[in-house]
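Here are my notes on the model, as numbered points. Please read them with the structure open.

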Amino acid sequence: MRSAVFPGSFDPLTNGHLDLIRRGTRLFDRVIIAVLENEGKAPLFTVPERMELIRVCTRDMPNVDVQSFSGLLVDFMREIGSQVVVRGIRAISDYEYELQMALMNRELNADTETMFMMPAVEYTYVSSRLVKEVFRLGGDVARLVPQPVLLELRRRLPKA
Ligand code: PNS
């Protein structure tokens, strides 16, 4: 059984993430979405809230599993017995950081392979950070995030 881990902050899940998750589910028997427990980033959503939103938005994908992790990604992957990391690359600017992470993960565990995937072209500029900023300032993000995420944003972030 081939599994892959899609790690990230997912604060919150965007349509770009969802697009990549869907692509991953076609290639792997099981895709584990691994939400990083990193309170240092002053997140908008707690880890359990982010996990619940991901669960709701991936309900139609039976081979998706949502988990959280802290510490090193390679340690989490050893624990669950997965060797493949899936990460999205939107533009060349993502590549340098992603390359560093991929090679560091390989340094830490030579069995780890990172697979880069491109999201659908309409999401190549979408990031969780920009979604939050635009929404806070009163911009329309309805096309950029799944409906449950949009509803949660509306509930907790009064528009400017
Ligand atoms: O969504 P993000 O914030 O770009 O995801 C970054 C993430 C979670 C993939 C990365 O920060 C990570 O794997 N953190 C866990 C700590 C770790 O293993 N660091 C060394 C690998 S470079």
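**Notes on the predicted model**

1. Start with helix H2. Its buried residues are Val47, Arg50, Met51, Leu53, Ile54 and Cys57. These residues cover an arc of only 160° around the axis, so they sit on the same side of H2. Please keep in mind throughout that this is a predicted model. The partners of the buried H2 residues are H1, strand S2 (30-36), S3 and H6.

2. Helix H5 (residues 128-136) can be read the same way. Ser128, Val131, Lys132 and Phe135 are its buried residues. Viewed down the axis of H5, they fall within an arc of 95°, and therefore line one face of the helix. Their cover includes helix H1 (15-27) and helix H6 (147-156).

3. Valine 134 deserves a separate look. This residue belongs to helix H5. Is valine 134 buried or partly exposed? Valine 134 is partly exposed, because its relative accessible area is 34%, and the buried class requires under 20%. Leaving out residues up to four places away in sequence, valine 134 touches Gly139, Asp140 and Val141.

4. Next, charge pairing. Side chains of opposite charge can pair when their charged atoms come close. How many salt bridges does the count come to? The count comes to 13 salt bridges. Three of them are taken up in the next points.

5. Aspartate 19 is buried, because its relative accessible area is 15%, under the 20% limit. Arginine 23 has 29% relative accessibility and so counts as partly exposed.

6. The side chains of aspartate 60 and arginine 22 meet at 3.0 Å, N to O. This pair links distant parts of the chain, 38 residues apart: arginine 22 lies in helix H1, and aspartate 60 in the loop between helix H2 (47-57) and strand S3 (64-69). Aspartate 60 is partly exposed, with a relative accessible area of 49%. That value falls in the partly exposed class because exposed means over 50%. Arginine 22 is partly exposed as well, at 30% relative accessibility.

7. In H6, look at arginine 155 and glutamate 152. Their side chains form a salt bridge of 3.0 Å, N to O. Both residues lie in helix H6, 3 residues apart, which is about one turn of the helix. Arginine 155 counts as exposed, because its relative accessibility is 63%. Glutamate 152 has 17% relative accessibility, so it counts as buried.

8. Now the aromatics. The count comes to 3 aromatic pairs. One of them is formed by tyrosine 95 and phenylalanine 116: edge-to-face, 6.5 Å centre to centre, with 70° between the planes. The edge-to-face label follows because the class takes planes over 60 degrees apart. This pair links distant parts of the chain, with tyrosine 95 in helix H4 and phenylalanine 116 in strand S5 (residues 113-117), 21 residues apart. Tyrosine 95 is partly exposed, given its 39% relative accessibility. Phenylalanine 116 is partly exposed too, with a relative accessible area of 29%.

9. Last, the surface. Leu72, Met104 and Leu108 make a nonpolar surface patch of about 270 Å². Methionine 104 is located in helix H4 (residues 92-108). Why is methionine 104 classed as partly exposed? Its relative accessibility is 48%, and the exposed class needs over 50%.

Terms used: Residues numbered from 1 in each chain as written. Predicted model: local features only at pLDDT ≥ 70, side-chain atom pairs only at ≥ 80, totals over all residues. Heavy atoms only, no water. Patch = residues over 30% accessible without salt bridge, like charges linked within 9 Å, V, L, I, M, F, W, Y side chains within 5 Å. Areas by Shrake-Rupley, 256 points an atom, 1.4 Å probe, with all protein chains shown as cover. Salt bridge = Lys/Arg side-chain N within 4 Å of Asp/Glu carboxyl O. Helix = DSSP H or I, 4+ residues; strand = E, 2+ residues; numbered from the N terminus. Buried < 20%, exposed > 50% of the residue type's maximum accessible area, 1.4 Å probe, protein only. Phe/Tyr/Trp six-rings, centres within 6.5 Å; stacked < 30°, edge-to-face > 60°. Arc of directions from axis to C-beta. Contact = heavy atoms within 4.5 Å.
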